[in-house]
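Open the model in your viewer and keep the selection tool ready. The stops below say what to select and what is there.

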Amino acid sequence: MHSLILGGARSGKSALAERWAKDSGLPVTYVATARIGDDEMAARVAHHRARRPSDWACIEAPTALAATLARHAAEDRCLLVDCLTLWLNNLLLDADGAMFDRQRGALLATLPGLPGEILLVSNEVGCGIVPMGELSRRFVDEAGRLHQDLAQVCGRVAWVAAGLPLALKGTLP
């Protein structure tokens, strides 16, 4: 099953995805999209690493997410991607302006055919005011469009608030 887990910052979405991954009973590969550019991001990454089980594999995929998923997806494996909004940020800030369209298209084309359990974590950023800057507005718009498209191809979509999941599509485990 492919699952999209949405929520605000510090909503509990990563912890929920990690619980689902553990409960799957499958070997887990954590697909990290963060780029560490400062001490604060390094601390966030360290926090995530510290709470993951030591037997989970970890792969860094800051931009080439579809290719990474295609390489590692298997019927007997769970892939946990955390998080799509960091991946989106990496693509939008890349010097190659066409990279975003290529990578987004590749993810949407590849994901439906992948075997195994795939958990996609992403921040819902469209519930607030419209940002002032052009890049910020594009980020919010592209995140919203990406979430809509992924929700169509995922069998399960959950919204997390205050650590509590709500099923938007499918049933919660």
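Select L6 first: its bridge partner in β6 is W159. Strands and helices here are DSSP runs (E, at least two residues, for strands; H or I, at least four, for helices), numbered from the N terminus. This is a predicted model, in which local features need pLDDT of at least 70, side-chain atom pairs count only at pLDDT 80 or more, and totals for chains, interfaces and linings use all residues. Residues are numbered from 1 along each chain as its sequence is written, and side-chain values use heavy atoms, with hydrogens and water left out.

Now show β6 (residues 156–161) beside β1: the two run parallel, joined by five bridges. Strands pair if DSSP finds at least two bridges between them.

Colour β1 (residues 2–7) by burial: six of its six residues are buried, meaning under 20% relative accessible area with a 1.4 Å probe, protein chains only. H2, L4 and L6 point one way, and S3, I5 and G7 the other.

**Arginines over rings**

Select R156 and W20: R156 lies over the face of W20, 4.3 Å from the ring centre. Then go to F100, where R138 lies over the face at 5.1 Å from the ring centre. A charge counts as over a ring if NZ of Lys or CZ of Arg is within 6 Å of the ring centre and within 35 degrees of the ring normal.

Definitions and conventions:
Buried means under 20% relative accessible area, exposed over 50%, partly exposed in between (1.4 Å probe, protein chains only).
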